[in-house]
Amino acid sequence: MTRALRRPPARGVEWEFDKVTFSREFPRNVVTKLLVERAEHGGWELDRVRITADGTRRVVLRRKIIRAVRTA
């Protein structure tokens, strides 16, 4: 399950956040490969990881929002 959200700008930088949840059935190396794919091809970086009591991994990814500024 994936859900994108935004947080208010901080110090002039805007970030886009994406929450991803991995079931406990996914081995650690598979989760790592999936996250590396998203980082390399989508420009995402790891913000935080939470492993719940039942073994579910909740991962928050982030990437900068680059605004195009009209010059003319």
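Q: Which secondary structure elements does the chain hold, and in what order do the elements run?
A: In this predicted model, the secondary structure of the chain comes to 1 helix and 4 strands, and from the N terminus on the elements follow the order β-β-α-β-β.

Q: How many residues does helix 1 have, and what span does helix 1 reach from its first C-alpha to its last?
A: An α-helix has 3.6 residues a turn, so residues three or four places apart point the same way. Here helix 1 covers residues 28-42, which makes 15 residues, and its span of 21 Å from first to last C-alpha is close to the 21 Å expected at 1.5 Å a residue. Just after helix 1 comes G43, whose phi is positive, at about 80°.

Q: What describes a pair of aromatic rings, and how many such pairs does the structure hold?
A: A pair of aromatic rings is described by the distance of the centres and the angle of the planes. The structure holds 1 aromatic pair: the ring centres of F22 and F26 lie 6.0 Å apart with the planes at 80°, and because an angle over 60 degrees counts as edge-to-face, the pair is edge-to-face.

Q: Where does the charged end of R62 sit?
A: The charged end of R62 sits over the ring of W15, at 4.0 Å from the centre of that ring.

How values were computed:
Residues numbered from 1 in each chain as written. Predicted model: local features only at pLDDT ≥ 70, side-chain atom pairs only at ≥ 80, totals over all residues. Heavy atoms only, no water. Phe/Tyr/Trp six-rings, centres within 6.5 Å; stacked < 30°, edge-to-face > 60°. Lys NZ or Arg CZ within 6 Å of the ring centre and 35° of its normal. Helix = DSSP H or I, 4+ residues; strand = E, 2+ residues; numbered from the N terminus. Expected span 1.5 Å × (residues − 1).
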